Amino acid sequence: MHYRLIGVGNDYKFELKGGAPLSVGRAVSNECAVVDPTISRKHAELRLTPNGIDVTDAGSSNGTFVNGVRIDQSHVAPGAEITFGKVVFKLEKVEAPKPVTPVAQPAVPPKPAGATIVRQIPKTGEQGVLGSDSGGINRQLAGQKDPAEKDRRKLAILLEVAKGLTKATDVHGLLVKIAEYAFQTLEADRCAILLMDRDGVLHPQISRDRRGDAASGEIPQSIATQAVADKVAVLTDDAADDQRFTGQSIVMQKVRSAMCVPLLGSENKVLGVLYVDNFSLRRFGETDLDFLIAFSGIAAVALENGQFAERIRVEAMARSNFERFFTPHLAARIASSPDAIKLGGDKRRVAVLFSDIRGFTALSETMNPDTMARLLTEYFTEMVECVFRHGGTLDKFIGDSVMAQWGAPIGEADDCDRAMQAALDMMAELDRLNERWRAEGRPTLDIGIGLNVGDVFAGNIGSDRRLEYTVIGDAVNVSSRLCGAAKPGEILLSDYFKQGLKSPPPLEELPPMELKGKSQKLPVFRVKK
């Protein structure tokens, strides 16, 4: 059984052979890869039968049609039209070739014009990737006549390439260097690098001519598709007459000779392709392909390392930003668990702490800016350490106030106890700071603290230019009111917070507090000294 899909009004052509199902889709990993916006990533599945093919739509967005009728599953006979999205094909049956009488072949048959060389990429250690023939030899080796000297020269070039690629500081810079070295070592008129996204679709990253200008025209998809799908290096020395690649872009761009090699990373994963071609009478040969295979192996390793380094840099920056507001332990959990925090925000139960310096406005009027900044820096450093020590999140500084919370983005069963211990530590730490400042002849500070717990909105709040992860809700407002009512050295807490404590410190009940907007007074408690 052998059938062929011939494009109607397009240049696609696919040979359908074998008994295994064949997939049709936009991703280059499909056996029949059709790069078109109306085609789904995996659009349909084909299964060969003695009388045609069975076509099954794979839940595509734009549908599969047989002779103009949309189908979910259908048998298609030779001569019928199949449309995937808006790309039309005609199914043809390929007759088996008639047997011919074998004739004696010469010991070394000549390579016919227009032949395509398709080879599996050699594995490290199995065979050399550098040839010694003279076909299509690049400019840097043209003057060498000794094969051994040519090999030594090519190894030296590859060593220089490896050294040069390690100096690239980012992925884009690395791609630029790969293109530059390709032009230096090969007689190419155009070089292009395409990288694969998570959906298996190739996207152009670099496309340049020998002058370094942006090259016109897209690279032939039929060549890139085969290089990726079969994970092979492809060489065509007469692209226009090559029967394997009949894409219209080859003819329109007057591509003479081309090579395309997949960039294979760890676990044989395709990272992208490296493509070179020329439009003159020059033809690439097997030596050029050997060299490009070795070159692409070095480039793929450098590219994967560059991608790893970029990912590590971004993650390190994100974790550094997390650690400004979260404890290092919590920041590590957030960085390693993307699902631990919903960037859009959600409703959470949190314990909220507000602390505020009493009489700071009057005090600041007696201090010069440098002295005040130094005092606040020392104070905030110790207060934030108390919050982090007990697993809290620094929400923000509001003037001389500190707002912290426990429960977002990750909550614990003892969040109220942690917040209480942080408040007690803040009072104790301030006593130690005051003792040192008093000995140094510097001003001392007094603070009041308010604690509350309740359901709030937790998420990223702000504008397109600046976002801030914070908590908003009535529970936050009540905590702020309690802080404002606390006298110097007092820790006030709501009844809701008291009920959430598993190990409460000694407490005393105060008269209920009236709050603006509340119909009932709020029961309030104070930590005994």
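These legends go with close-up views of a predicted model.

View 1. As background, strands of a sheet pair through backbone hydrogen bonds, parallel or antiparallel.

**View 2. Strand S1 meets S2.** Zoom in on strand S1 (residues 2–8) and you'll find five bridges joining it to S2, with the two running antiparallel. Look for His 2, which stands opposite Lys 17 in S2.

**View 3. Asn 67, a residue with positive phi.** Most residues other than glycine have a negative phi. Asn 67 isn't a glycine, yet its phi is positive, near 55°. You'll spot Asn 67 in the loop between strand S7 (64–66) and strand S8 (69–71). Asn 67 counts as exposed because its relative accessibility is 53%, and the cut-off for exposed is over 50%.

**View 4. Lys 231, with a positive phi too.** Lys 231 is not a glycine either, but its phi is positive, at about 50°. Its place is the loop that links helix H3 (221–229) and strand S15 (232–236). With a relative accessible area of 31%, Lys 231 is partly exposed.

**View 5. A cis peptide bond at Pro 409.** Most peptide bonds are trans. Ala 408 and Pro 409, though, are joined by a cis one, with omega at about 5°. Pro 409 lies in the loop between strand S20 (401–406) and helix H9 (415–439).

Methods. Residues are numbered from 1 along each chain as its sequence is written. This is a predicted model: local features need pLDDT of at least 70, side-chain atom pairs count only at pLDDT 80 or more; totals for chains, interfaces and linings use all residues. Side-chain values use heavy atoms; hydrogens and water are left out. Helices (H or I, at least four residues) and strands (E, at least two) are DSSP runs, numbered from the N terminus. Buried means under 20% relative accessible area, exposed over 50%, partly exposed in between (1.4 Å probe, protein chains only). Two strands pair if DSSP finds at least two bridges between them.
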